[in-house]
Amino acid sequence: ALFMGVVLGGLITTDYNIVQAFLIPSIGSERYAQILLVYLWALGGLLGMWNRNGGAWHFAHWISDRFVRSRRSALVFAWIMGVIFHQGGTISTVLTGTTVRPVADREKVAHEELAYVVDSTASPVATIIPFNVWPVYVGGLIAIPSMSHFVPDQDAAISLFLRAIPFNFYGWFAVLFTLLFALGKLPFTGRAMRAAQRRVMETGQLDAPTAEPMVSKELSTLSIAENYTPSLLDFFVPIGVLMGFAIIPWLVTGSPMIFEAFGLALVSSIALSVIRGMSLHDAFEGLIDGIKGVTIGAIVLGLAVTLAEVSGTLGASAFAIETSAGVFAVVPFVLPGLLMITCMIVSFSVGSSWGTYAVVFPIALPLAYAVAPDPTYVTLAFGAIMGGAVFGDQCSPISDTTILSSLACGSDLMDHVLTQLPMALAAAGTAIVLYTGIALFIA
């Protein structure tokens, strides 16, 4: 879909050689280089190292042996793992699902329940815990000429992301509702989820009789180096380096060192593994395997950045502002909620939050600024876009996050979609009401 968007941009502008006109300038840009370094090399390499030294797997099992004693504690454990593995999307679902599922199966947690917790603590958590690649990616999309007066550079764009976290109401409600669900305190779960809970408690069946579970041996198979003994250090040292270099500079200067944090986390993981007895050959095999594992994601990111460039070339944001700013200037309180609904529909249709960001941000953010240049109003609109796109990423049956949640948890895909949808819609509806109410007050 992203690639076809670039092709259509070439047809509209008559720049038929889209490689020269759009792909090379975008993929060769500094912002894509930053995304590539963080996402493909550093983050992918760290995941590959954890697969080779067993650090994340060992930590999860160490915690579960001491914490999980019931269905409820198994679900809370899954929620905690989702928060800890807060990188979002495919990364979080695979790590969380594969490490938690054996424990959840033992405690008779329905696969639909587990898939909901894993899916709802993937992308939503990544948007409210910013020590991951999301601020870098989104910052690259909004640091554009049409927003230069408000977001002059990449650092300012990342700062806007951080300021908008309190206004990302869907992210907060999705994570909160999931915790309440895990604790058995969520009053509304939907008919399909209640049926799954009754089934597993009455019969012990983890899936519905008609289910066709998605199971992947590849996702649940570790590749720990021969004669290497996993340790808690393999998990805590790189996570500590990552969080330390991201959080401390943020607290001191207001700007997190995200690029440096990911690079140093990877270096510390390799160095520790080698010091503890892993051969350099195994360490670099783990690094390369991890990079290969996220290559598809890097391609998607490259196309998303290119599509944002195409949108700017077409003048889409200027056209949207010219045709609708007058209308929204009369009722500005409508815009944030409407942006969230729009992003929900787009992301559910295409199955991607990041693809939705690439389409919506370059148009919607300048529109919000034109309607009301108040910084709080623009930040509110930013949060609405973030949350709306994540809703579709979480709920769409064609989303990689939804599919991998089902795959890692052994759930039927459509059973997972239908059981989580009522709770996700409740979180989204609450967020839309809040956006409208706050915008009515400040606009």
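At 10% relative accessibility, Leu162 counts as buried (buried is under 20% relative accessible area, exposed over 50%, partly exposed in between, with a 1.4 Å probe and protein chains only). The model is predicted: local features need pLDDT of at least 70, side-chain atom pairs count only at pLDDT 80 or more, and totals for chains, interfaces and linings use all residues. Residues are numbered from 1 along each chain as its sequence is written, and side-chain values use heavy atoms, with hydrogens and water left out.

**Exercise 1. Classify the ring pair Phe235 and Phe236.**

Step 1. A pair of aromatic rings is described by the distance of the centres and the angle of the planes. Rings of Phe, Tyr and Trp (its six-membered ring) pair if their centres lie within 6.5 Å; planes under 30 degrees apart are stacked, over 60 edge-to-face, and the rest tilted.

Step 2. The structure holds 16 aromatic pairs. In one of them, Phe235 and Phe236 have centres 5.5 Å apart and planes at 75°, which is edge-to-face.

Step 3. Phe235 is buried at 1% relative accessibility, whereas Phe236 is partly exposed at 40%.

**Exercise 2. Classify the ring pair Tyr357 and Phe361, then locate both residues.**

Step 1. The centres of Tyr357 and Phe361 are 5.4 Å apart, with 40° between the planes, so the pair is tilted.

Step 2. Both residues lie in helix α20 (residues 353-371). They are 4 residues apart, about one turn of the helix.

Step 3. Tyr357 is buried at 0% relative accessibility. Phe361 is buried too, at 1%.

Step 4. Ring pairs link Tyr357 and Phe361 into a cluster with Trp134, Tyr137, Phe161, Trp354 and Phe382.

**Exercise 3. Describe the packing of α7 and α11.**

Step 1. Helix α7 (residues 111-120) and helix α11 (residues 169-182) have axes 9 Å apart, at an angle of about 150°. Axes are lines fitted to C-alpha atoms, for helices over the stretch in contact, and angles run from 0 to 180 degrees between N-to-C directions.

Step 2. The two helices are therefore roughly antiparallel (under 35 degrees is roughly parallel, over 145 roughly antiparallel, 65 to 115 roughly perpendicular, the rest oblique).

Step 3. List the contact (heavy atoms within 4.5 Å). Helix α7 gives Glu113, Tyr116, Val117 and Ser120; α11 gives Ala174, Val175, Phe177, Thr178 and Phe181.

Step 4. By class, there are 6 nonpolar, 2 polar and 1 charged residues. Ala, Val, Leu, Ile, Met, Phe, Trp, Tyr, Cys and Pro count as nonpolar, Asp, Glu, Lys and Arg as charged, and the others, Gly among them, as polar.
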